[in-house]
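Here is a short note to read beside the model. Please keep the structure open while going through the points.

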Amino acid sequence: MKVGCVILAAGMSKRMKSAKPKVIHALLGKPMLSYSIEAVQSVTDIPPVVVVGYAADEVKKSTIQDVTFTIQAEQLGTAHAVMTAEKTLKGKVDIVVITSADMPLVTEKTFEQLKNLQITNTGPLSLVSIQGDISRGFGRIIRDNDGKVLRIVEEKVATQDELLGKEYNAGIYCVASDWLWEALHKIKKSSVGEYYLTDLLEIAVASGKNVEVLTLNDPDEAIGVNNRIHFAEVEKILRERINEEFMLAGVTMVDPERIYIEAGVTIGQDTIIYPDTYIRGNTRIGKNCEIGPGTIIDDSAIGDYCTILKSVLEEALLEDHVEMGPFCRLRSGAHLGSHVHMGNFGEVKKSHLGNGVKMGHFSYIGDAEIGEDVNIGAGTITCNYDGQKKNKTVIGAGTFIGSDTMLVAPLTIGKNAVTGAGAVVTKDVGDGEKVVGVPAHVIKKQNGEVDNNE
Ligand code: UD1
Ligand code: CA
């Protein structure tokens, strides 16, 4: 049984009140549409067909998965949208799964169950329903007195009596391919001028064919994003799914409702995440770390036993046992060796801090290579920008940088050197030398000789 898939994504989504098409709004770092594409991956035998229309180019551009796009130039309804896939799928698959790009919570498991239901169905159509007291503008499934399904009525055109029904159409279908293309052509315009895909049900019933219904245990799966309130609901559920997975895998979360982690992040066992923390993109965090509260980490790699309190990290690399914060900022290319200590208000950009470097208070290190065990005094600044280009600072192992030192790059300071408090260092400093003043001059030479003029 060969399976194809159609994902509807052509609608304009007026209710989102957005200049951007709804289906590319990012949910936890990924376009909404990518959730449906990934969820149908395991049931479809050929790349899913994504029907685009409104802002089609934008939607195409933001889709990285292997799909076939069809264009619905004018949005004349869900049935009309499916028709655009006819050429691509007719004769190539036996059954077609249909879903919408605005339903990112539908799971792989539901698509599997629906497909299996249709495989055993003697009729051409299976669909998904939800039950309960739900008011989301869903179409109502209407059954006769014997419980046999008859049709779906859209809320907009339903009678008062029909609106009392508590069984709703989730908008997910699995249909025998041959029958589908024929039936679509029989659908007539509704009173609101759209071709409703839901009319398939009535067409099947009218010709005495069997229709199967799969009822979801968790009605939340069918939440469709029609406006930004739904969007927030969906984001919360996706986040809960991710956080629960981490907790079951051994990550402690303090107040998980306030922890925002994107899919694709990895976190090691016994790490503790505190509230108001965002971990995003391609980020790996090791074991036994303490992250947050109030920390934002993007696209970074963190080793084991690191502590990151109230800090912001972007494209940074931390080896094991790094301790930082509160209020540190690591920008792209910051690389902190093991046992680095960064206290409050430090910024590091495109620099390597060797193992054991201590940088306790108020410093900026940019474009620098800092050797092991260097002590960076409070208020030290690498003056890396001369107004035209960025220049490099190199500091050798074991050097002591006094408080408030200005390191005017390009600059090389040797090993075990010392700069005095408030020094403005404009010239290179040799191993073991001590410099002080503005501009800094040598008061202790490499050979240990002390400058007598001091
Ligand atoms: C649809 C169902 C409704 C069901 C609900 C579940 C119909 C007529 N109604 O209503 O029974 O309860 O889903 O969420 O199918 N789209 C196109 N082209 C169009 C129109 C829509 O591609 O011409 C796309 C939209 O972008 C969206 C999807 O189809 O992704 C569903 O359309 P939408 O307008 O949201 O339908 P609902 O009112 O939610
Ligand atoms: Ca919808």
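**Notes on rings and ligand**

1. Aromatic pairs come first. The count is 4 aromatic pairs, in what is a predicted model. One of them joins Tyr260 and Tyr278. Their rings are stacked, with 4.4 Å centre to centre and 10 degrees between the planes. That angle falls under 30 degrees, so the pair counts as stacked.

2. Where do Tyr260 and Tyr278 sit in the chain? Tyr260 belongs to strand E13 (residues 259-261). Tyr278 belongs to strand E16 (residues 277-280).

3. Is Tyr278 buried, exposed or partly exposed? Tyr278 has 30% relative accessibility, so it counts as partly exposed. Buried would need under 20%, and exposed over 50%.

4. Three phenylalanines deserve a look together. Phe327, Phe345 and Phe362 make up one aromatic cluster.

5. Two lysines lie over tyrosine rings. Lys30 is over the face of Tyr35, at 4.5 Å from the ring centre. Lys390 is over the face of Tyr385, at 5.3 Å from the ring centre.

6. Now the ligand. Which residues are closest to ligand 1? They are Gln72, Gly77, Thr78, Glu154 and Asn169, and 23 residues surround the ligand.

7. One oxygen atom is 2.6 Å from a polar backbone atom of Asn169. For Leu76, the contact is also to a polar backbone atom, at 3.4 Å. For Asp102, an N or O atom in the side chain is 3.4 Å from an oxygen atom of the ligand. On its own, ligand 1 has 760 Å² of accessible area, and the protein covers 89% of that.

Notes
Residues numbered from 1 in each chain as written. Chains lettered and ligands numbered in written order. Predicted model: local features only at pLDDT ≥ 70, side-chain atom pairs only at ≥ 80, totals over all residues. Heavy atoms only, no water. Phe/Tyr/Trp six-rings, centres within 6.5 Å; stacked < 30°, edge-to-face > 60°. Helix = DSSP H or I, 4+ residues; strand = E, 2+ residues; numbered from the N terminus. Buried < 20%, exposed > 50% of the residue type's maximum accessible area, 1.4 Å probe, protein only. Lys NZ or Arg CZ within 6 Å of the ring centre and 35° of its normal. Near = heavy atom within 4 Å. Polar contact = N/O pair within 3.5 Å; in protein donor to acceptor, adjacent residues only side chain to side chain. Areas by Shrake-Rupley, 256 points an atom, 1.4 Å probe, with all protein chains shown as cover.
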